[in-house]
Amino acid sequence: MALKALLFDVDGTLADTERDGHRVAFNRTFAEAGLDWHWDVPLYGKLLTVAGGRERLRHYVDHYRPDYVKPPDFEAQIERLHAVKTEHYTALLSRGGISLRPGVSRLLSEARAQGIRLALATTTTEANVSALLQHTLGADAESWFEVVGAGDVVAAKKPAPDIYNYVLKKMQLTASQCMAFEDSENGLRAARAAGLKTVITVTDYTKAHDFSGAAIVLDHFGEPDRPFKVLSQTNVDGASFLDLALIRQLHADP
Ligand code: XBP
Ligand code: MG
């Protein structure tokens with residue numbers, strides 16, 4: 001089946017947003033709200049097993065703060081905290097706080113030039129996606145993506161396949177016509193459960209995850225002057241960066 005579309009995760013895949021973006025925004029929110037919650041770098045790594053900001057907040061309270069007396073409107077408190085966190089996160093992006101990972105911009109341009117369709121499949125809030133694309137790729141970059149599957153458009157977040165199934169349905173494509181791009185085990189499980197071949201680029205937070213079933217595992221997409229490292233047993237025929245030719249080869253592998 002010919003390759004028709006590339007489906008990208010956002011956090012960790014397009015940009016390394018978690019440690020210096022989302023985590024910082026959560027901590028600013030907690031300080032402002034007068035809460036003695038602080039997510040340091042190692043703790044945040046553990047909390048990342050739970051996808052979704054609101055879900056992560058609930059998980060933290062339930063598993064790490066047995067001392068915390070939940071107010072009667074706890075759910076509303078989570079909503080308020082999450083809304084403020086989104087403000088902090090998008091403000092951080094608007095100050096140029098996070099850049100794209102190596103090779104992302106190049107690969108998107110190559111795909112657009114060759115008429116390969118693009119979409120996003122992410123757990124994060126849509127405002128976060130818009131802010132990231134706008135402040136890294138430019139004002140019109142969101143329009144490059146035919147579907148932006150984000151946040152709460154589906155009930156079950158990754159590792160459930162729902163967001164990928166949602167995107168495939170909207171694009172009227174089958175999984176076999178697409179390649180997915182992820183950085184985490186939850187993301188890989190979501191993509192694989194939707195039947196998608198998946199390229200992984202690891203981050204510091206995800207490098208020890210189990211990526212069995214991935215088409216390839218890389219440290220990043222690479223650039224002509226900045227070669228990638230192949231972390232899986234995958235033959236790349238001497239390639240040093242990920243381009244459409246290599247993606248097509250991986251897609252065609254049985
Ligand atoms: C991303 C996430 C998100 C962000 C926070 O996962 O888990 O929850 O950390 O986003 P993926 P929100 O890369 O697998 O999509 O606070 O907007 O939920
Ligand atoms: Mg991710």
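Modeller: Let us begin with the idea of a polar contact, which is a pair of N or O atoms within 3.5 Å. The model is predicted, and in it a polar side-chain atom of Asp 9 lies 2.8 Å from an oxygen atom of ligand 1, while a polar side-chain atom of Thr 125 lies 2.6 Å from an oxygen atom of ligand 1. For Lys 158, an N or O atom of the side chain is 3.4 Å from an oxygen atom of the ligand.

Biologist: How much of the accessible area of ligand 1 does the protein cover?

Modeller: Ligand 1 on its own has 450 Å² of accessible area, of which the protein covers 96%; the ligand sits in the largest pocket.

Biologist: Which residues around ligand 1 come nearest, and which classes make up its shell?

Modeller: A residue belongs to the surroundings if one of its heavy atoms lies within 4 Å of the ligand. There are 17 residues around ligand 1, of which Gly 53, Arg 56, His 82, Lys 85 and Thr 125 come nearest, and by class the shell has nine polar, six charged and two nonpolar residues. At least two residues of this shell come from each of α1 (18–32), α3 (53–64) and α4 (74–94), and at least three come from each of domain 1 (5–16 + 98–252) and domain 2 (18–94).

Biologist: What should I look for in the backbone?

Modeller: Most peptide bonds are trans, and most residues other than glycine have a negative phi. Here, a cis peptide bond with omega of about 15 degrees joins Lys 158 and Pro 159, and Pro 159 is found in the loop between β3 (147–149) and α7 (162–171). Gln 172, in the loop between α7 and β4 (178–182), has a positive phi near 55 degrees.

Technical notes
Residues numbered from 1 in each chain as written. Chains lettered and ligands numbered in written order. Predicted model: local features only at pLDDT ≥ 70, side-chain atom pairs only at ≥ 80, totals over all residues. Heavy atoms only, no water. Polar contact = N/O pair within 3.5 Å; in protein donor to acceptor, adjacent residues only side chain to side chain. Areas by Shrake-Rupley, 256 points an atom, 1.4 Å probe, with all protein chains shown as cover. 1 Å grid on protein atoms, 1.4 Å probe; cavity = no way out; pocket = protein on both sides within 12 Å on 5 of 7 lines; lining within 4 Å. Sits in = over half its atoms within 2 Å of the grid points. Helix = DSSP H or I, 4+ residues; strand = E, 2+ residues; numbered from the N terminus. Nonpolar A, V, L, I, M, F, W, Y, C, P; charged D, E, K, R; others polar. Domains from an automatic or database assignment.
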